[in-house]
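Thanks for making the time this morning.

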Amino acid sequence: MATSVRSNKEVEPYLTHASAKVEVSIVSVEKVNGLDIVCKGRADLITMDNTVICDLKTCEDASADGFNKSFMQMGYWMQAAHYVAICRKAGIPIQKFIFIAAEKNPPYCTALYELDVNSMEKAFAIRQRLMENLSVCIANNDFPVHTKGVTSFTLPPWIN
């Protein structure tokens, strides 16, 4: 899989970029509703000319349709918005967030994806709402839970 990623002609320019650094921790502080909220992320690869973050995602299917399912289900779109936001708050003017999708099984196909501009703007807006909700939770020391008490599960009928 690593060989496939490294030999991909579209991935190679990012991996060999003169200023590329791997596993870069990013920390910023955002003031939301009067509270300072520390935000963190760890970029798989960031070009230190401050323009691109690349994030490697292993998957079963790196095709556009296949990876899009994982992309949505795993919330990768929110990760992109969060990382770009914290970079910008930290003074790193990231312009692109690229996902490198690499299949876990032979032939280890690899593809690159990014959110379109409108989708990234929507993701930023959703992230901002979530940050505002978080600030209220922190201020009130009251965080939502899924259930209270004990919830019983029933086995499905196909289990004998």
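The buried residues of helix H4 (residues 76-89) are covered by a set of elements that includes strands E1 (20-32), E2 (35-47), E3 (52-59) and E4 (96-103), together with helices H3 (64-73) and H5 (117-140), where buried means under 20% relative accessible area, with exposed over 50% and partly exposed in between (1.4 Å probe, protein chains only). This is a predicted model, in which local features need pLDDT of at least 70 and side-chain atom pairs count only at pLDDT 80 or more, while totals for chains, interfaces and linings use all residues. Residues are numbered from 1 along each chain as its sequence is written, and side-chain values use heavy atoms, leaving out hydrogens and water.

Helices (H or I, at least four residues) and strands (E, at least two) are DSSP runs numbered from the N terminus. Eleven of the 14 residues of H4 are buried, so the helix is largely enclosed by the rest of the structure; among them are Tyr-76, Met-78, His-82 and Cys-87. Just after H4, Gly-91 takes a positive phi of about 85 degrees.

Turning to the sheet, five strands form an open arrangement in the order E1-E2-E3-E4-E5 with mixed pairing, two strands being paired if DSSP finds at least two bridges between them. E1 and E5 (110-113) stand at the edges with a single partner strand each, so one side of each is left without a neighbour in the sheet. E1 and E2 run antiparallel and are joined by twelve bridges, and Val-32 has Leu-35 in E2 as its bridge partner.

Definitions and conventions:
The expected span of a helix is 1.5 Å times one less than its number of residues. Contact means heavy atoms within 4.5 Å.
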